[in-house]
Amino acid sequence: MLQAASTYDALVAGFAWSIPKRYNIGVDICDRWATRDPGRAAILEVSAEGGIATTTFAGLRDASNRLASALSGRGVGTGDRIAVLLPQSAAVVIAHAAAYKLGAIALPLAGLFGPDALRYRLRDAGARALITDGSGLRKLAGIRAGLPDLDTVVSLDGAGEGALDYAALAAGGDPAFEPVVTEADDPALMIYTSGTTGPAKGALHAHRVLLGHLPGWAMMHDFPPRPGDLMWTPSDWAWAGGLLNVVMPSLHHGVPVVAQPHARFAPEAALGLIQDLGITNAFLPPTALRMLRSVAKPRERFDLTRLRNIASAGEALGPETFAWAERELGLTIGEAYGQTECNLVLAACREAGVARPGSTGRPVPGHRVAILRPDGSEADIDEPGEICVARPDPVMFLRYWNQPEATERKFSGDWMLTGDQARRDADGYVHFVGREDDLITSAAYRIGPTEIEDCLGSHLAVALAAVIGKPDALRTQIVKAFVVLRPGFPPSEALAAEIQAFVRERLSAHEYPREIAFRENLPMTTTGKIIRRQLRDEG
Ligand SMILES: CC(=O)SCCNC(=O)CCNC(=O)[C@H](O)C(C)(C)COP(=O)(O)OP(=O)(O)OC[C@H]1O[C@@H](n2cnc3c(N)ncnc32)[C@H](O)[C@@H]1OP(=O)(O)O
């Protein structure tokens with residue numbers, strides 16, 4: 001484990017990976033602490049009314065064993081995909097751990113997804129089981145017929161609509177279920193991620209992905225665990241940010257995590273939660289931090305004395321918000337960088353003196369990260385190039401699900417190509433520059449234009465649509481759509497609002513175009529491809 005050291009060089013010098021041959025995430029995040037300290041708090045679930053329900057490590061172990069045993073009784077087992085569509089709660093960890101203990105593959109799905117996004121992911125992954133709640137069931141209702149592989153749906157809100165009751169199912173499971181023995185390199189987790197072209201791709205990870213996150217987690221959160229540590233993030237536990245930057249490494253170290261029902265991010269409520277629960281470590285994406293800046297004199301209004309560190313990732317933080325946090329919160333933000341395919345490979349941290357305004361830090365010990373030119377040679381100091389990560393690396397994904405060509409394109413030799421541009425300064429700090437392609441970064445979400453364009457194209461009024469990222473001071477970029485309407489549909493604000501609602505409900509609430517511009521036509525190449533660059537320049 002990465003221990004606090006006086007300097008970054010000492011951190012690097014003292015580091016070596018220790019990845020056992022046999023390793024199972026489910027056993028790691030539940031059973032280890034359940035044996036050592038069964039009554040230790042693991043998840044603190046805040047109810048909508050503000051009450052707190054605590055789940056202990058023993059509780060996680062028993063519940064995940066029961067669920068694994070019950071699913072096994074229904075024929076779900078090694079290699080099967082088990083989807084998890086639930087808001088932050090102990091149940092998310094239980095469902096994940098049950099999947100890992102079965103040797104199955106957990107497939108986290110975000111609560112903001114609408115039926116179109118869910119259908120695509122569940123079908124592409126060939127999910128056999130889904131653990132969800134009443135809200136998830138409502139989204140599933142219209143799409144289940146098109147999901148022939150999905151034979152077990154379990155709802156925390158009781159049986160009905162083709163779902164089994166979670167409580168009844170788990171009650172029949174064996175709390176002494178014997179977890180399947182897995183190797184560190186066996187598939188465990190698949191997170192869909194948007195690409196520049198085409199629909200989202202399932203990035204398949206091995207059990208070792210959690211061990212690979214530990215050094216980056218230690219750096220960005222300023223070296224937990226310390227007595228009394230308590231973690232929280234508003235990020236959905238379905239994203240790499242919530243799951244791998246916060247929940248799993250924290251549980252590995254026996255640090256409890258706060259689970260909060262999904263709500264719109266409200267800066268005052270966030271600071272109130274940090275104060276009331278005595279949260280010591282938060283992971284807040286840069287957009288959330290920029291939203292916090294609307295609160296004047298936060299330390300006068302809220303008691304934030306227990307808050308030791310804020311980590312951040314998913315988009316560039318920028319020097320202004322970095323300086324604001326130092327001034328107004330008295331904290332040096334632990335900014336980090338990674339992609340779903342290969343997460344948490346760069347990080348900043350106060351304790352080792354690795355923090356610089358405008359920089360996303362330095363390579364986390366154990367990871368080889370380079371800034372390369374298109375010809376594969378290393379860029380000079382301050383020369384922009386592509387962030388590339390060398391394999392093997394425990395955080396490196398195994399492959400894209402059923403997409404061997406896309407997997408191959410992601411690598412050049414042993415370098416994984418992130419597509420992100422950055423420069424490295426003379427002291428080795430990496431500064432994010434941006435992207436050259438069509439991928440959109442908005443509120444720390446990576447958004448590919450294709451899925452949105454496809455969704456827009458299925459609206460009755462839309463003849464043609466192109467989607468770009470438009471620079472935005474709060475969210476880094478917003479999704480903007482240029483739309484050519486079919487004859488008979490005159491442009492209007494009402495129609496724009498209707499199209500926005502259509503994408504929000506059908507595809508996903510975080511992917512809807514916050515701006516729509518109606519056009520007579522769109523700039524095209526002679527071969528009929530939309531020239532998005534021209535649209536980006538128009539903004
Ligand atoms: C390796 C890595 O990738 S690390 C980073 C991974 N990325 C992430 O974890 C994503 C992080 N981002 C977030 O968690 C959020 O965007 C935040 C906290 C920064 C800001 O949250 P918010 O502004 O409340 O909402 P968010 O951006 O998620 O939502 C977009 C839309 O979803 C909808 N929405 C959000 N929350 C809710 C809710 N509880 N109920 C219904 N709709 C909701 C809204 O329609 C919202 O659009 P609007 O602003 O026009 O109303």
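Analyst: We can begin with Leu 344, which lies in strand β15, residues 342-347. Please keep in mind throughout that this is a predicted model.

User: Why is Leu 344 called buried?

Analyst: Leu 344 has a relative accessible area of 1%, and buried means under 20%, so Leu 344 counts as buried.

User: What makes the backbone of Leu 344 worth a remark?

Analyst: Its phi is near 60°, a positive value in a residue other than glycine. Most residues other than glycine have a negative phi.

User: Where does Asp 222 lie, and is Asp 222 buried or exposed?

Analyst: Asp 222 is found in the loop between α8 and β10.

User: How do you know that the peptide bond from Pro 224 to Pro 225 is cis?

Analyst: The omega of the bond from Pro 224 to Pro 225 is near 0°, and the bond is cis. Pro 225 lies in the loop between α8 (208-220) and β10. A cis peptide bond also joins Arg 391 and Pro 392, with omega about 5°, and Pro 392 sits in the loop between β18 (385-390) and β19 (399-400). As background, most peptide bonds are trans.

User: Why is Thr 233 called buried, and what does its side chain reach?

Analyst: Thr 233 has 1% relative accessibility and so counts as buried, the limit being under 20%. Thr 233 lies in the loop between β10 (231-232) and α9, and its side chain reaches the backbone oxygen of Phe 283 at 2.8 Å. Not counting residues up to four places away in sequence, Thr 233 touches Gln 88, Gly 242, Val 246 and Phe 283.

User: What makes helix α9 mostly covered?

Analyst: Helix α9, residues 240-252, has 13 of its 13 residues buried. Just after α9, Gly 254 takes a positive phi of about 75°.

User: Which residues are closest to the ligand, and which polar atoms lie beside its own atoms?

Analyst: The ligand is surrounded by 26 residues, the closest being Ser 235, Phe 265, Tyr 445, Arg 504 and Tyr 512. A polar side-chain atom of Arg 504 lies 2.3 Å from an oxygen atom of the ligand, while for Tyr 445 a polar side-chain atom lies 2.6 Å from an oxygen atom of the ligand. A polar backbone atom of Ala 443 is 2.9 Å from a nitrogen atom of the ligand. Taken alone the ligand exposes 990 Å², of which the protein buries 84%.

User: What makes up the shell around the ligand by class?

Analyst: The shell has 14 nonpolar, eight polar and four charged residues. Helices α9 and α11 (286-292) each supply at least two residues of this shell.

User: Which members of the largest nonpolar core touch the most other members?

Analyst: Of the 81 residues in that core, Ile 43, Leu 60, Met 219 and Leu 251 touch the most other members. Its largest share, 10 residues, comes from helix α4 (residues 90-101). Setting aside residues up to four places away in sequence, Ile 43 touches a list of residues including Leu 60, Val 93, Trp 237, Leu 251 and Val 257. Apart from this core lies another, of 48 residues, among them Leu 140, Leu 204, Ile 499 and Leu 507.

User: Why is Ser 508 called buried, and what does Ser 508 contact?

Analyst: Ser 508 has a relative accessible area of 0%; buried means under 20%, so Ser 508 is buried. Ser 508 is found in the loop between α16 (493-506) and β27 (515-519). Leaving aside its neighbours within four places in sequence, Ser 508 is in contact with Leu 112, Phe 113, Gly 114 and Val 503. A polar atom of the side chain of Ser 508 lies 3.2 Å from the backbone oxygen of Leu 112, and because the cut-off is within 3.5 Å, this pair is a polar contact.

Technical notes. Residues numbered from 1 in each chain as written. Predicted model: local features only at pLDDT ≥ 70, side-chain atom pairs only at ≥ 80, totals over all residues. Heavy atoms only, no water. Buried < 20%, exposed > 50% of the residue type's maximum accessible area, 1.4 Å probe, protein only. Helix = DSSP H or I, 4+ residues; strand = E, 2+ residues; numbered from the N terminus. Near = heavy atom within 4 Å. Polar contact = N/O pair within 3.5 Å; in protein donor to acceptor, adjacent residues only side chain to side chain. Areas by Shrake-Rupley, 256 points an atom, 1.4 Å probe, with all protein chains shown as cover. Nonpolar A, V, L, I, M, F, W, Y, C, P; charged D, E, K, R; others polar. Contact = heavy atoms within 4.5 Å. Core = buried A, V, L, I, M, F, W, Y, C linked by side-chain atoms within 4.5 Å.
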